[in-house]
Each structure stands twice: as structure tokens, then as C-alpha cells.
Amino acid sequence: MHVQEWLETIPPVAIYALVGVVIGLESLGIPLPGEIVLVSSALLASQHGDINPYVLGGCATAGAIIGDSIGYAIGRKGGRPLLAWLGGKFPKHFSEANIALAERSFQKWGMWAVFFGRFIALLRIFAGPLAGVLQMPYWKFLVANVFGGILWAGGTTAVIYSVGIVAEAWLKRFSWLGLVLAVLIGVTSMLIIKNRAKKAAAAASEQSADAPRKPEPVAAD
């Protein structure tokens, strides 16, 4: 069953809660299709008057901000052993290559990695926990988290809802083309991310190999 068709079978209150929980868990660091659920719910809101887009956007924003904040707290407390544990549970998402790519992004961009990471699937999962692991000051993380969550969750809801209102009939004809286009974009993005992740992992391994080793102590005669 299509996500949107399934959402039509549950009441609006459950949709609000589902959107907030799924996006919150994804932001916390658990790989879930938060963006798909949000887009499908916003499109459904444009077709059914009993779903309030403002409430929907508010729940999505709250889930994003709260989930990221919890992920930050867990990452700050758990440290790098947490990333190793997540790698064992979700090897495709928290592989060493992906962690290296995300870490380089954070080291280069700082709090902007949290802000713009909200719009990138891989960094959206990493942002909270990794910011905590890297000991980013909480006030910087909070500012980027709040503004990124509002712009991503609220903006996505507003855009999809507005488009759905204006072109509902056209969207129905476009659904299959949109799905194909989304898959192509997703595959292309994944290939680019994997390529960059491999380069980041290779660079990290080269740096560790070139790092000077401490001389071993000489045993006394």
C-alpha cells in the first residue's frame, strides 16, 4: 500500500503524532523515512480539509528539533563508542566511510553542517549524535537545530501543501513520474555520497598511517 493511501485510513490526530514521532526518531539517529512521511502527509492535507497544515508543520518542526536535541545529548554522553554501536546496528548508514564523511563536514562547516544537514538525508541522521560526540557547544547546535528544523519541516509542509492545492489534479497524473524522478535523484545522490564517503575514509586511513608512532621503550639491561 502506498504511504499516502495508508495515511488516508487513520485520523488526523494520529497523522500529526506519526509525523512528529517518525521525524523525531530519524533526527535522533534512527534511519526512518521522515521526509517521505512528511511529504505524503502534507500532500494529503492539501486534499483533505480535516488535516490542518499549520498543526502538521508544527508537529514536524517540534519532532525535528526535539529529536535532534535528544540525539545531541546521547552523542555527548556516549561518545565515539556510541558511533561504533550504531555502526553495528545500522551498518549501511553508520559505516566508517559515512561517519568519516559526516565528521569532515562538521569539522569544515561547524554549526552550518547542522543547519544544512537537515536537508540531506545522511547528515539529517548524523547531525544530532555527531554534534554531541564532537563536543559542539550546545548553544551553537541549538541555534542551527532550531532554524534548520523550522525551515526544513515548516518549509517542506508549506511548499507541498501549496502545490497540492494549486495543482491537485496535475499531481495525480504526475505521481508516477514524480516517483521515478525521486528514485533517480535518490540513487544519484547515494552514489555521490558513497563516492565521497570512500574518499573520506581513504583520506582518514592515510592520515592515520602517516601519523608518527611513539618509540617503544628500550628495556633496561
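Tutor: In this predicted model, contact means heavy atoms within 4.5 Å.

Student: Which residues does Val114 touch, not counting residues up to four places away in sequence?

Tutor: Val114 belongs to the largest nonpolar core, where Val114 is listed with Phe106, Ala131, Met136 and Phe141 as touching the most other members. Leaving out residues up to four places away in sequence, the residues that Val114 touches are Phe106, Ala131, Met136, Phe141, Ala144 and Asn145.

Student: Which element gives the most residues to this core?

Tutor: The largest nonpolar core holds 17 residues, and the elements that give two or more residues to this core are helix H6 (96-109), helix H7 (111-117), helix H8 (121-133) and helix H9 (138-166). With six residues, the element that gives the most is H8.

Student: How many residues are in the second, separate core?

Tutor: This second core is separate, and its members include Val19, Val37, Ala64 and Trp152. Val19 in H2 and Ala64 in H4 are also among the residues through which these two helices meet. The number of residues in the second core is 16.

Student: Why is H2 described as roughly parallel to H4?

Tutor: Helix H2 (residues 12-28) and helix H4 (residues 53-78) pack with their axes 7 Å apart, at an angle of about 30 degrees. Because angles under 35 degrees count as roughly parallel, H2 is described in relation to H4 as roughly parallel.

Student: What is the helix content of residues 54-75?

Tutor: UniProt, in an unreviewed entry, places a "transmembrane region" at residues 54-75, among other spans. The end C-alpha atoms of residues 54-75 lie 31 Å apart, and the span is 0% strand and 100% helix.

Technical notes:
Residues are numbered from 1 along each chain as its sequence is written. This is a predicted model: local features need pLDDT of at least 70, side-chain atom pairs count only at pLDDT 80 or more; totals for chains, interfaces and linings use all residues. Side-chain values use heavy atoms; hydrogens and water are left out. A nonpolar core is a set of buried Ala, Val, Leu, Ile, Met, Phe, Trp, Tyr and Cys residues joined through side-chain atoms within 4.5 Å. Buried means under 20% relative accessible area, exposed over 50%, partly exposed in between (1.4 Å probe, protein chains only). Helices (H or I, at least four residues) and strands (E, at least two) are DSSP runs, numbered from the N terminus. UniProt positions are given in the numbering used here, feature names are shortened, and annotations may be inferred rather than shown by experiment. Axes are lines fitted to C-alpha atoms, for helices over the stretch in contact, and angles run from 0 to 180 degrees between N-to-C directions. Angles under 35 degrees count as roughly parallel, over 145 as roughly antiparallel, 65 to 115 as roughly perpendicular and the rest as oblique.
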